[in-house]
Amino acid sequence: MEGTLVIIKPDGVRRNLIGRLIGHYEQNGLTVVGLKMLQLDNSLAEQHYGEHKGKSFYQELIAYITSGPSVAVLLEGRDAIVQVRRINEELRKSYAVNTTQNTVHGSDSLQSAEREIAVFFPEKAGA
Ligand SMILES: Nc1nc2c(ncn2[C@@H]2O[C@H](COP(=O)(O)OP(=O)(O)O)[C@@H](O)[C@H]2O)c(=O)[nH]1
Ligand SMILES: [Mg+2]
């Protein structure tokens with residue numbers, strides 16, 4: 001079983017999409033094994049999005065992701081990382097507000113998943 005991190009971003013929470021979004025992952029055979037609502041502060045946002053530091057959209061991204069509560073979801077399943085990236089493409093087509101406010105995050109590789117799970121679910125990391 002593979003683990004991956006999803007974040008329901010502030011625009012998804014604000015528009016009451018949490019249940020619907022998580023439903024898509026569950027309907028595709030993925031299992032929720034961790035779930036927490038939190039508002040990212042600057043330090044956590046910079047830890048999560050550090051790879052983008054210096055890019056033109058970085059300040060906007062940090063301001064947005066800290067603008068309201070998010071929901072971190074730890075999902076498990078066969079090929080969970082690739083599956084979630086595919087599901088997120090479809091979800092963004094339906095729900096994204098714009099390039100920044102794109103509703104969902106998903107880990108993009110095994111290395112990212114391990115790093116991100118350790119950031120948001122330290123109690124479950126390395127499982
Ligand atoms: N305004 C703006 N935001 C961006 C752009 N590229 C990425 N973002 C935001 O930054 C996040 C992280 O970017 P990236 O890791 O490349 O995309 P992801 O892995 O598909 O989420 C995206 O989900 C968007 O919220 C861009 O060109 N312009
Ligand atoms: Mg990314």
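Predicted model: local features only at pLDDT ≥ 70, side-chain atom pairs only at ≥ 80, totals over all residues.
Which residues in α2 meet which residues in α5? L21, H24 and Y25 are the ones in α2, and their partners in α5 are V84, I87 and L91.

**The chain as a whole**

- Six helices and four strands make up the secondary structure of the chain.
- Going along the sequence, these elements come in the pattern β-α-α-β-α-α-β-α-β-α.
- Along the principal axes, a box of roughly 35 × 30 × 20 Å holds the C-alpha atoms of the chain.
- Of the 127 residues in the chain, 30% are buried.
- Among contacts in the chain with a separation of 6 or more, 78% are between residues 24 or more positions apart.

**How α2 and α5 pack**

- Helix α2 covers residues 18–27 and helix α5 covers residues 80–95.
- The axes of these two helices are 10 Å apart, and the helices pack at an angle of about 140°.
- An angle has to be over 145 degrees to count as roughly antiparallel, so α2 and α5 are described as oblique to each other.
- The crossing of α2 and α5 is right-handed.
- Sorted by class, the residues in this contact are five nonpolar and one polar, with no charged residues.

**V33, in a strand**

- You will find V33 in strand β2, which spans residues 31–38.
- V33 counts as partly exposed because it has 15 C-beta neighbours inside 10 Å, while a buried residue needs 20 or more.
- Leaving aside residues up to four places away in sequence, V33 touches L74 and E76.
- V33 and K124 are 91 residues apart in sequence, yet their C-alpha atoms are 9.2 Å apart in space.

- N16 has a phi near 60°, which is a positive value in a residue other than glycine.
- The loop between α1 (10–14) and α2 is where N16 is found.
- N16 is exposed, because 8 other C-beta atoms lie within 10 Å.
- T103 also has a positive phi, near 75°, and is likewise a residue other than glycine.
- T103 has its place in the loop between α5 and β4 (104–106).
- T103 counts as buried, because it has 21 C-beta neighbours inside 10 Å.

**K53, in a loop**

- K53 lies in the loop that joins α3 (42–48) and α4 (58–65).
- With 11 C-beta neighbours inside 10 Å, K53 counts as exposed, since the cut-off for an exposed residue is 12 or fewer.
- From K53 to T66 there are 13 residues in sequence and 15 Å in space, taken from C-alpha to C-alpha.

Conventions
Residues numbered from 1 in each chain as written. Chains lettered and ligands numbered in written order. Contact = placed C-beta atoms within 7 Å. Axes fitted to C-alpha atoms, helices over the stretch in contact; angles between N-to-C directions. Parallel < 35°, antiparallel > 145°, perpendicular 65-115°, else oblique. Left-handed = near helix turned anticlockwise from the far one by under 90°. Nonpolar A, V, L, I, M, F, W, Y, C, P; charged D, E, K, R; others polar.
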